[in-house]
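Let's take a walk through this protein together, one element at a time. Have a look at the display below, and then read on with it at your side.

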Amino acid sequence: REGESGMGEAQSVTLERVSKSFNGTVLTVKNVDLHIAGGEFFTLLGPSGCGKTTTLRMIAGFYYPTSGRILFGDRDVTYMPPNDRNIGMVFQNYALFPHMSVFENVAFGLRVRKVPREEMKRRVSEALALVRLEGMEQRRIDQLSGGQQQRVALARALVIRPALLLLDEPLSNLDAKLRDETRTEIRRIQTESNITAVYVTHDQAEAMAISDRIAVMEGGVVHQVGTPQEIYHRPATRFVATFIGKSNLLEGTLTEVDGTAGVVELPGTGRIRVDLERRNPQVPTAVGSRVVMTVRPEGIQVVAQPEGPNVLTGRVVAAEFTGAYTEYLVKAGESTLVASSADRYGEVRRPGDPIHLYIPPERVYLVE
Ligand code: ATP
């Protein structure tokens with residue numbers, strides 16, 4: 001059970017209509033369906049209180065669902081105690097024993113499993129090598145930096161050769177630079193050990209950088225499951241569009257439809273040609289329908305002349321130079337847009353300046 005056979009095939013995880021209520025009335029998690037493939041790095045992403053930790057804790061076995069089923073492979077583990085699930089867990093606060101040595105901390109799970117002394121030593125040093133802390137066995141936890149402590153926590157989770165690695169906001173206590181480095185390390189270690197990982201975070205940039213796929217949650221429900229690219233470029237809902245990165249949401253009326261080409265009238269702003277294939281299935285395509293379109297700031301081009309279709313003319317409200325590009329807040333008619341423009345040899349527009357924005361149809365996506 002403890003994986004004495006070494007690292008076998010990575011574990012898949014399935015949630016079937018999983019719900020959780022703590023008080024019998026409010027559902028903290030509502031009818032969640034997920035399939036996580038073996039070896040996948042899968043992230044539960046959403047704002048505070050959306051139910052992501054509760055979902056992770058049900059996968060771990062710390063909470064049992066109020067209804068629904070959880071499967072590891074094709075084995076039903078819904079009501080199996082955590083100790084029988086062969087999982088490794090990493091938490092935000094590391095949960096290490098501060099006065100003990102690195103060795104004692106990492107060896108903990110092996111002692112519980114009564115692994116013989118020699119094998120224990122070998123496996124602890126292997127796990128420490130994996131997290132690049134080789135030779136640190138005798139250090140005390142309180143003599144290590146935050147980043148090193150989190151790597152000890154990872155080694156402790158991995159030393160038991162779990163079938164599944166569960167991580168709950170493991171980087172929250174690290175400063176920005178260490179956070180970026182450690183997330184790259186976590187991904188490397190997960191790939192090298194060919195283990196399925198389920199990761200919880202509220203940080204969308206972190207989720208995009210580290211994940212194979214992401215489930216975006218809000219209010220206990222999953223809004224969308226997809227690769228970072230799918231979620232970024234084809235958001236399933238308005239919530240996903242605004243929670244992931246920056247996004248312009250523009251509401252208008254579909255005034256012309258010709259095959260897959262459409263025109264959206266933005267009241268008081270202008271007309272935008274759109275590609276009706278770039279829409280969520282539930283978005284109506286009848287003339288006269290109200291639609292919401294989204295376009296990313298970097299999808300909008302700043303152009304010299306107000307020529308041709310899909311060019312909106314407005315005024316710069318604010319300009320922020322970030323190095324690689326300048327981000328403009330623009331008032332165009334009744335609409336306010338954010339456009340980021342690659343820096344071209346110091347060409348800058350200032351607040352009050354006129355500006356023309358080209359919105360390419362292939363960068364527009366209809367969300368609602
Ligand atoms: P955060 O990032 O803030 O932890 P989250 O998305 O992980 O947010 P959860 O921790 O899953 O959210 O919590 C969702 C809701 O369930 C919250 O309103 C929380 O108060 C409630 N909740 C979580 N655990 C329990 C519990 N053991 N008993 C009662 N209510 C709980």
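## Helix 5, end to end

In this predicted model, helix 5 runs over residues 176-192, which makes 17 residues. From its first C-alpha to its last, helix 5 reaches 25 Å, close to the 24 Å expected at 1.5 Å a residue.

Which residues of helix 5 are buried? They are R179, T182, R183, I186, I189 and Q190. These residues lie on the same side of helix 5 because they cover an arc of only 130 degrees around the axis.

What covers the buried residues? The cover includes three helices you can look for, helix 3 (117-130), helix 4 (146-158) and helix 6 (204-210). It also includes strand 3 (41-45), strand 7 (164-168) and strand 8 (196-201).

## Helix 1, mostly covered

Helix 1 is mostly covered, with seven of its nine residues buried. The buried ones are K52, T53, T54, T55, L56, M58 and I59. After helix 1 comes G61, and its phi is positive, near 95 degrees.

## Around the ligand

Surrounding the ligand are F22, T28, G46, S48, G49, C50, G51, K52, T53, T54 and H202. Among them, K52, T53 and T54 are also on the list of buried residues in helix 1.

How many residues of each class make up the shell around the ligand? Eight are polar, two are nonpolar and one is charged.

## Two domains

Finally, step back to see the whole protein. Its domain assignment gives domain 1 (13-241) and domain 2 (247-366). The centres of the two domains, taken over C-alpha atoms, are separated by 39 Å.

Where the domains meet, six residues of domain 1 are in contact with six residues of domain 2. On the side of domain 1 that touches domain 2, three residues are nonpolar, two are charged and one is polar.

Key:
Residues are numbered from 1 along each chain as its sequence is written. This is a predicted model: local features need pLDDT of at least 70, side-chain atom pairs count only at pLDDT 80 or more; totals for chains, interfaces and linings use all residues. A residue is near a molecule or strand if its C-beta atom, placed from the backbone, lies within 6 Å of it. Ala, Val, Leu, Ile, Met, Phe, Trp, Tyr, Cys and Pro count as nonpolar, Asp, Glu, Lys and Arg as charged, and the others, Gly among them, as polar. Domain bounds come from an automatic or database domain assignment. Two residues are in contact if their C-beta atoms, placed from the backbone, lie within 7 Å. Helices (H or I, at least four residues) and strands (E, at least two) are DSSP runs, numbered from the N terminus. The expected span of a helix is 1.5 Å times one less than its number of residues. A residue is buried if 20 or more other C-beta atoms lie within 10 Å of its own, exposed if 12 or fewer, and partly exposed in between; C-beta atoms are placed from the backbone. The arc is that of the directions from the helix axis to the C-beta atoms.
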